[in-house]
Amino acid sequence: MNPVLKVENLQKFYKTKGTVTKAINHISFEVERGEYIGIMGASGSGKTTLLNCISTIDRPTAGKILISGRDVTNLNENQLARFRREALGFIFQSFNLLDTLSGRDNIALALAINGVKPSKIPQIVGQAASDLDVESILDKYPYEMSGGQQQRIACARAIVTNPALILADEPTGALDSKSAGMLLESLRIMNEEKRATILMVTHDAFTASHCKRILFIKDGRIFNELVRGIKSRKEFFDEIMQVVSFLGGEKSHAL
Ligand SMILES: Nc1ncnc2c1ncn2[C@@H]1O[C@H](COP(=O)(O)OP(=O)(O)OP(=O)(O)O)[C@@H](O)[C@H]1O
């Protein structure tokens, strides 16, 4: 079976005032359907640049990015807008819900934009809300919700269109530890019960220890890879911390 995501020899260089920064320097990897993969690395290692290229927000200098077999580096702006809507789900650090819409309507909008029949939308929204246990906050507006609640509505919005790939950028970054725990449970449900494929960028080892595989980026290259396998989450956390310490990155909160 084709991987959901195939990154082939990706390069992204920034030229500023005569100097060239090789933000991504020959990165290749694949993500299979149903994987939950984390990208870690110290500040400036290239994580955001990689995510921006995969999410089609930024264009790479060279290399290919195939999502569900389609090379997104060749698409024009109109094709990209449609591709993002149909094939990708996004969860950002800063929630990005529309403040003028209730939680229910934020989720429903993702379906309406994708042309889902209006008569079918309430049932699909209801199911996603039930799956992620956000039914009680559906009628609240984002400014009436906690950060954790907003983030769980953002999860429902990301999965409701059944995208090929969900991209999460520091999703626990703005949350306290209890809300982060609830968000990580939402991501687990999305991955294990709804079979969503998730790629998450994080600098936090505790958050990363919920993934099944971690790629470590250093100076724009893949430096190391860890697979959780049958290890407990705590064992995986310890293993991640060893690499983080070796890389000299910031220390995450301890268990
Ligand atoms: N628009 C840009 N112009 C020039 N250089 C850039 C630009 N964006 C990023 N860079 C450089 O590319 C490198 C990788 O940056 P990137 O933001 O991808 O790192 P990161 O791992 O996401 O860091 P952080 O964890 O601090 O967000 C850095 O050296 C950065 O200074």
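**Entry 1: helix α6**

I began with the face of α6 turned away from its buried side, which carries the exposed residues Lys178, Glu192 and Glu193. For my notes, a residue is buried if 20 or more other C-beta atoms lie within 10 Å of its own, exposed if 12 or fewer, and partly exposed in between, with C-beta atoms placed from the backbone. Helices (H or I, at least four residues) and strands (E, at least two) are DSSP runs, numbered from the N terminus.

A reminder to myself: this is a predicted model, where local features need pLDDT of at least 70 and side-chain atom pairs count only at pLDDT 80 or more, while totals for chains, interfaces and linings use all residues. Residues are numbered from 1 along each chain as its sequence is written.

Which residues of α6 are buried? I found Ala180, Leu183, Leu184, Ser186, Leu187, Met190 and Asn191. Seen down the axis of α6, these fall within an arc of 155°, so they line one face of the helix; the arc is that of the directions from the helix axis to the C-beta atoms.

Next I checked what they pack against: β3 (36-40), α5 (147-159), β7 (165-169), β8 (198-201) and α7 (205-208). Contact here has two residues' C-beta atoms, placed from the backbone, within 7 Å.

As for length, α6 covers residues 177-193, and its 17 residues reach 23 Å from first C-alpha to last, close to the 24 Å expected. The expected span is 1.5 Å times one less than the number of residues. Just after α6, I noted that Arg195 takes a positive phi of about 60°.

**Entry 2: the core**

I looked up the largest nonpolar core and found 68 residues in it. Such a core is a set of buried Ala, Val, Leu, Ile, Met, Phe, Trp, Tyr and Cys residues joined through C-beta atoms within 7 Å. Among the residues with the most contacts inside it are Cys155, Ile166 and Ile240. The element giving the most to this core is α5, with six residues.

I then followed Ile166: neighbours within four places in sequence aside, its contacts include Gly89, Ile91, Met190 and Ile198.

**Entry 3: the sheets**

What is the strand order of the six-stranded open sheet? I read β6-β7-β8-β3-β9-β10, with mixed pairing. Its edge strands, each pairing on one side only, are β6 (88-91) and β10 (221-227). Two strands pair if DSSP finds at least two bridges between them. I saw that β6 and β7 run parallel, joined by four bridges, and that Leu88 has Leu165 as its bridge partner in β7.

The other open sheet I checked has four strands in the order β2-β1-β4-β5, with antiparallel pairing. In this one, β2 (19-31) and β5 (70-71) are the edges. Five bridges link β1 (residues 5-16) with β4 (residues 62-67), and Glu8 has Lys64 as its bridge partner in β4.

**Entry 4: helix α4**

I finished with α4 (residues 121-131), where Val125, Ala128 and Ala129 are buried. They cover an arc of only 100° around the axis, which puts them on the same side of α4. What covers them includes α3 (103-113) and α5. The face turned away carries the exposed residues Gln123, Gln127 and Ser130. Just after α4, Asp133 takes a positive phi of about 55°.
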